[in-house]
Structures are given as structure tokens and as C-alpha cells.
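Visitor: Hi, I'd like to go through the charged pairs in this protein. Can we start with the overall picture?

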Amino acid sequence: MYLALLVIFLQCSEVYAQGKVFTFNRVEIRVQPSVKVKNGAPMSISCHADISKNTDFQLKHNFTIFKDGKLVFMTVSDKEDAWYEIPAAKSSDTGDYECTVKADGKLGFSNSIYVWVAGMTKPILTADKKEVVEGEVVKLRCELPEEVPPLEFVFRKIKTNSAPKEKRVPEQNQNFSEVEYYVEEGDNILQFDCFGKRQVRSGWESSQHSNRTLVTVKEPFIKPTLITKPSNNVTEGDQIEFECSTVVAQIRDIEIIFQKNRTILNSVRDKKFLRYSTVATQEDSGEYLCKVEQGTVSKTSKLNVFVSELFPRPTLSASMTKLDESKDLILSCSINGVRRANFSILRKSPSGDVLLKNSRVLPIKVSVNDTGFYTCKAEVKGIVKESKSVRINVYAPVSKPTLSVVSGSPEVVLGKPLQLICHSVMGTPPITFTFYKGDEIKKNVTNDTYATFLDEDIGLNDNGGYKCDARNNHSSGVKTSNILNVTVIVPIRDASLGSIPYGEVEVGSDTAFLCSVKEGSWPIDFKFFKKTDHEVLLHEVREYSDRTIWHKKTMKRRDTGTYYCMASNRASVDVRSRPITISVILAVWQKGVIAAFVLTAMAGAGAVALWWFLRKKKKAKGPSMEMSGSPLAPNLTSEKLTRQPSDGNYYSGPDLESAEVDYTEVEVSTLDPHRAPEQKGTETVYSEIRKTNNDSMENRNSRIYGHPDAT
């Protein structure tokens with residue numbers, strides 16, 4: 001019974017569970033009255049869930065609204081709509097809004113919607129002072145209490161009859177900003193205001209301007225007064241006096257400075273006026289400035305002064321400006337339209353002007369040391385004026401130049417550049433040097449005492465003809481050097497090595513090595529080398545020729561190897577020949593001795609063998625054995641002794657046609673009468689002895705092999 005009830009309960013639960021089915025069709029977010037709202041107007045944001053159900057049942061909806069990804073509103077309702085009310089919209093409410101709805105484990109999302117709250121609240125401006133003194137600082141504060149950062153604040157300083165001066169201050173973390181304004185000279189009545197800006201999707205948005213704040217400015221002292229006595233138009237030699245004064249509220253720390261251009265002429269402290277006087281000169285014409293300073297406040301006045309010329313600037317003239325040493329020079333000083341003046345002639349010097357004479361005219365017999373700048377001065381009524389400088393050049397004649405090679409040696413390698421130097425020991429610079437190659441001018445150089453010339457076109461026939469000229473402004477004219485002959489060194493080309501005999505050399509004989517070159521200037525250094533584990537220098541010699549022969553005496557077997565030669569000259573380039581190989585072999589007579597010794601040894605060995613064979617047979621048959629014939633002779637005649645070739649000589653056995661034959665008779669007695677009939681007589685056994693003629697010697701025709709100059 002209980003089991004049946006349990007089954008019925010489970011089935012009912014399953015039917016109930018299957019009856020609650022729903023799904024989100026969409027989630028929508030809306031803004032009232034529109035997506036663009038004025039600042040301060042009410043705004044409502046609604047979130048609507050469109051849900052489909054299989055039956056009518058209640059759901060709990062969790063509504064969440066976000067602005068720019070941050071949570072701003074959340075509520076739970078059994079209705080399908082939720083409302084986020086903003087009574088007075090502010091600019092900070094501008095942003096992207098979206099909402100989510102969560103019900104029974106399911107979640108729905110809306111699209112994003114952008115809301116723009118147009119306009120900003122009016123900022124509030126305050127100043128820390130209502131009254132200031134010139135040079136002080138005013139501190140301003142601008143605040144947007146209902147706005148949120150980031151913001152930008154713009155402060156404005158407003159003066160009468162001038163454009164406002166603005167200061168922009170960005171603020172990333174606060175809704176207010178503070179700045180300081182320096183109160184300048186002439187800032188009598190100042191007004192300040194400010195406004196705020198923020199960046200929106202469409203650009204920048206600005207607030208209204210704040211209230212204007214008025215600041216009164218007091219002067220610590222008035223603008224100074226600058227006057228001249230007797231007037232600001234004077235003549236050279238007149239006494240002129242400047243006076244600068246001001247009215248000051250507090251004389252302490254006040255300073256008056258008087259200057260012309262950037263030069264301070266006079267200054268006073270803790271006084272209301274300043275005086276400065278001088279004898280007027282034409283250089284005193286110009287603008288003068290009086291400046292009064294106290295703390296950070298500075299005020300100036302300017303005045304122009306014109307000084308008329310009393311007499312013109314003197315002129316220094318010279319009888320000649322370029323002349324030879326020991327010549328006469330006359331310097332004279334004059335003033336146009338003025339005859340009476342105190343004149344002096346001076347020479348300019350880095351350490352100061354040197355007075356030569358208090359006179360209008362100065363005659364000089366010049367030397368080279370008199371070269372320099374000269375000037376004259378004229379004085380009238382205490383006014384001194386100086387003329388322009390005149391350059392006097394005194395010339396000593398150039399000495400005969402010397403022409404030499406920079407490297408020192410008067411020679412050059414063919415194809416290499418040649419650098420020459422032309423030098424004059426004496427002569428007043430500048431000196432002009434001219435280089436010649438033959439009769440052709442190659443280069444002109446103006447320098448002090450020397451000049452160089454680089455000839456990069458050196459030919460095989462360029463063995464001389466260089467010279468140089470030197471001249472300056474002296475009247476003596478041109479001096480010419482001696483002709484410089486330069487030797488052209490031809491580098492070594494194509495060294496070769498040969499020998500007599502070539503290839504094979506007999507032990508004990510001499511060998512001649514010939515080393516030659518195709519081209520190269522003499523003398524030539526020849527070196528002979530043999531290749532081993534390291535290079536071995538065998539012989540060296542210097543020759544005034546393109547070839548040399550080295551005789552090596554008594555060659556030995558250890559002299560077998562590879563040889564080469566090397567040639568060089570003053571071009572300092574070593575040229576190496578191709579190597580040749582020399583083999584040292586036995587002489588002919590040495591080969592004959594060895595052959596004779598071998599033949600003798602073989603003949604002796606054959607005789608011993610024959611004797612041993614005959615004795616053995618004799619012992620075996622007895623002394624009475626009769627010999628009817630001997631097979632030894634034909635064996636001997638047909639026998640050939642052979643020997644393999646050695647060192648080019650070989651032995652091929654006896655020559656049957658040319659050999660001499662010796663015949664020997666041998667008597668044999670019959671010992672056994674029962675075996676054969678008795679015979680008595682002689683039976684001849686022929687032994688052939690053949691001789692070979694080994695006395696011929698090998699003839700050689702000697703020649704230089706392996707050398708291109710061989711004959």
C-alpha cells in the first residue's frame with residue numbers, strides 16, 4: 001500500500017515539473033523621454049523581459065542595469081518590467097546602458113544603448129584675495145560639484161581693452177582645479193572666471209561660464225621717469241646728464257638700474273632717483289632704459305638720445321700696402337674738413353696698441369717684422385676717434401726651392417704613385433709653388449713654406465724631368481729648383497728555374513741551377529730553396545742581370561727533392577718560380593761494379609754446385625764406372641741464367657751466338673768387366689763457357705731541361 005502511494009507521488013511530481021516550461025524571447029532596455037536628455041531633466045531607464053511560458057505560473061525576475069560596465073541598479077520582481085528612475089539627469093549620467101534578467105537559473109541580455117545627458121552644471125569660482133599688490137599671486141579655485149572626472153578646467157584672466165588670458169588644467173581624479181595668477185605691471189582691475197569641459201562620444205562639451213570674481217590691484221611704485229640734460233639732442237664733446245626717478249610707497253628693497261642696450265651704466269638701491277653723466281660721443285647715440293625693481297615687480301621707461309658728430313672719423317693712408325723689405329713706407333693720418341687735431345699713429349697688437357709716433361705722418365724703412373695692422377687716432381675737444389685699420393705686408397724674397405721625394409729615396413715603383421715636396425727655406429708667405437713634369441705644368445699650390453704634389457701617372461720612361469717654381473709678392477720674381485731625376489723601378493715578373501742535368505743526376509756529379517726573370521729592374525736578389533718540412537735557403541746572390549746560375553758540387557742521394565727559386569728587387573715584391581724535382585741516382589760505374597759482383601757470386605755458386613754433383617755420382621758408381629756420354633754438357637749449353645732488372649741494368653744469361661766455347665777431354669776407365677765390353681779410349685765432354693761483354697758504358701747527351709731559356 002505504501003509503495004503504491006510513493007509511486008503515485010513521484011508521478012505527480014514529474015507531471016508538475018514538466019508543467020513549468022519557459023524561455024526568454026528577448027530582453028529590451030528603453031530610455032524615457034529619449035536617449036538625449038538635458039542636464040537637470042528627469043530620466044527613466046526601463047528593462048523589459050519578453051518570456052514565453054507553457055502555462056500561466058509566476059516567476060521571480062532579477063533585474064540588473066549597468067552603465068559603462070558598472071552596476072547602477074538592481075531589483076527583484078515577479079513582473080516582466082523594471083524601472084531605474086533618475087529625477088535630475090547630470091552629465092555624469094552619460095554612457096552606455098544595458099540590462100540583464102535572471103529567472104529560475106536562466107539569464108537574458110539586452111543590447112547596449114547610449115544615453116547622452118547634454119549640458120553641464122555651472123561651475124563655482126573663488127579667489128583667495130580680493131585686493132593684491134603688483135607682483136603678488138592670486139590663487140583661484142574652480143569647482144563642478146555635480147560632475148565626475150575626468151574633466152578639463154579653463155581659467156580666464158580678463159583685463160580691460162585686452163583679450164582674456166587662458167590657462168587650461170586637466171583633472172583626471174577630481175571635480176575641481178586650482179591655479180595661481182601672477183599680477184603684472186599694469187594690472188589695475190582684474191576679473192576672473194572659469195568653465196569646465198568633458199569629452200563625450202561626439203566631441204567636447206562645455207559648461208556655462210562661472211561667476212566673475214573681481215580683484216583690485218595696488219601699485220607699490222609708479223612707472224619711473226627718465227630725462228636728459230640739457231636735452232636728448234647733443235653734440236660730441238658736450239656734457240650730457242641722465243636722471244631717473246619714481247614714486248614709491250615703501251622705499252625698502254627698491255632698486256633703480258640705468259642701462260644702454262644690454263650694458264648697465266649705473267644703479268642705486270633704496271633710493272627714489274638715479275643720476276648718470278658723461279661726455280657725449282657719437283657712440284652714445286641710441287636707446288637708454290631706466291628700470292625700477294622691488295621684489296617681483298619691475299617697471300621700465302625708455303628714452304632715445306642722438307649725438308651729433310663733432311668731426312668725422314680720421315683716415316689712415318699708406319704709400320704702399322705691399323712692398324719689399326728695406327723699402328720706404330709713409331703712413332699719413334687726415335680728417336676731412338678738419339686741419340687742427342692731435343694725431344697719433346699706432347700699430348695693432350694682441351697685447352694692446354703700440355704707439356709709434358704722435359704725428360700726422362710716419363716714414364718707415366720696413367723689414368719683414370713690420371708686417372701687420374696700423375691705425376691712427378685724432379683728438380678734438382677731448383673727443384678721440386680712431387681710423388680703420390690698414391694692413392701692411394712686407395715681403396722677403398723666396399729662396400731657391402728644393403724638390404725631393406717625400407719617402408726620401410728618388411725612385412718609384414712602376415704603377416705606384418709618387419709624392420713630391422717643394423720647399424723654400426726663406427720667403428714671406430703666401431708662396432705659390434708650381435710643379436712641372438718635363439715642360440708640362442702639373443699643379444699650382446699656394447701655401448706658407450712648402451707644397452706637395454702626387455703623381456699617380458708613372459710610366460716606364462718617367463725617369464726624370466721633375467722641377468718646381470716658388471714665388472711670392474716680392475719683386476725678385478720666380479725661383480726654380482734643380483731638376484729631380486726619379487728612377488722607375490720595374491717589379492719582378494715571371495721567375496723560372498731550370499737545371500743541368502734535368503730530372504736525374506748521378507751521385508757525385510755537379511748540377512747547375514739557372515734562375516731567370518722575364519722583367520725587373522736591376523739589381524735582382526736571387527734565392528734558391530729546397531722544399532722539406534720547412535723551407536731551406538740553399539744559396540742567395542745579387543746580380544745586375546735578369547738571370548743567375550748556381551753550381552751545386554758533388555750531388556748526394558740526400559739531395560733528391562723539390563727545388564725552386566725566388567727573385568726580388570727594390571720594388572719589394574718576391575716572385576717565386578715553379579718548383580722542379582731532382583732525383584739523384586747511382587753512376588754507371590757504380591752499376592757495373594754491382595753487376596760484376598753479382599755475376600762473380602753466381603759463377604762461384606755454380607762451380608761449387610757442379611763439383612758437388614760430380615763427386616756425389618763418382619762415389620755412387622765407383623771408380624771403374626765407364627761413361628759413354630755425359631748429359632751435363634747439353635744441360636749446360638741449354639741452361640740460361642736470368643736476373644730481373646735493377647736500376648736500369650739487367651743480366652739476361654750467356655749469349656750462345658757470341659760466347660766463346662772451351663773443350664776439355666776426360667779419360668774414364670771401365671771398372672766392371674762383367675757389365676760391358678772393355679773399352680779404352682777417350683770420351684770428350686764439352687763444357688761451354690760463355691762470356692758476356694759488360695764493358696760498354698751508357699752515353700748521355702746533357703741539356704738544360706725544364707727552363708724556358710734552355711738551348
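Visitor: How many salt bridges does a search of the whole structure find?
Guide: The search finds 33 salt bridges. A salt bridge here is a side-chain nitrogen of Lys or Arg within 4 Å of a carboxyl oxygen of Asp or Glu. This is a predicted model, where local features need pLDDT of at least 70 and side-chain atom pairs count only at pLDDT 80 or more, while totals for chains, interfaces and linings use all residues. Residues are numbered from 1 along each chain as its sequence is written, and side-chain values use heavy atoms, leaving out hydrogens and water.

Visitor: Which residue does Glu205 pair with?
Guide: Glu205 forms a salt bridge with Arg198, with 2.6 Å between the closest N and O atoms.

Visitor: Are those two buried or exposed?
Guide: Both Glu205 and Arg198 are buried. Buried means under 20% relative accessible area, exposed over 50%, and partly exposed in between (1.4 Å probe, protein chains only).

Visitor: OK, what about Asp353?
Guide: Asp353 bridges to Lys348, and their closest N and O atoms are 3.2 Å apart. Asp353 counts as partly exposed because its relative accessibility is 33%. Lys348, at 31%, also counts as partly exposed.

Visitor: New one: where do Glu519 and Arg493 lie?
Guide: They form a salt bridge, the closest N and O atoms being 3.3 Å apart. Glu519 is in strand E47 (residues 511–519) and Arg493 in strand E45 (residues 493–500), so the pair ties together parts 26 residues apart in sequence. Strands (E) are DSSP runs of at least two residues, numbered from the N terminus.

Visitor: Which residues are joined into one network?
Guide: Arg26, Glu28, Arg30 and Asp50, through salt bridges that share partners.

Key
Helices (H or I, at least four residues) and strands (E, at least two) are DSSP runs, numbered from the N terminus.
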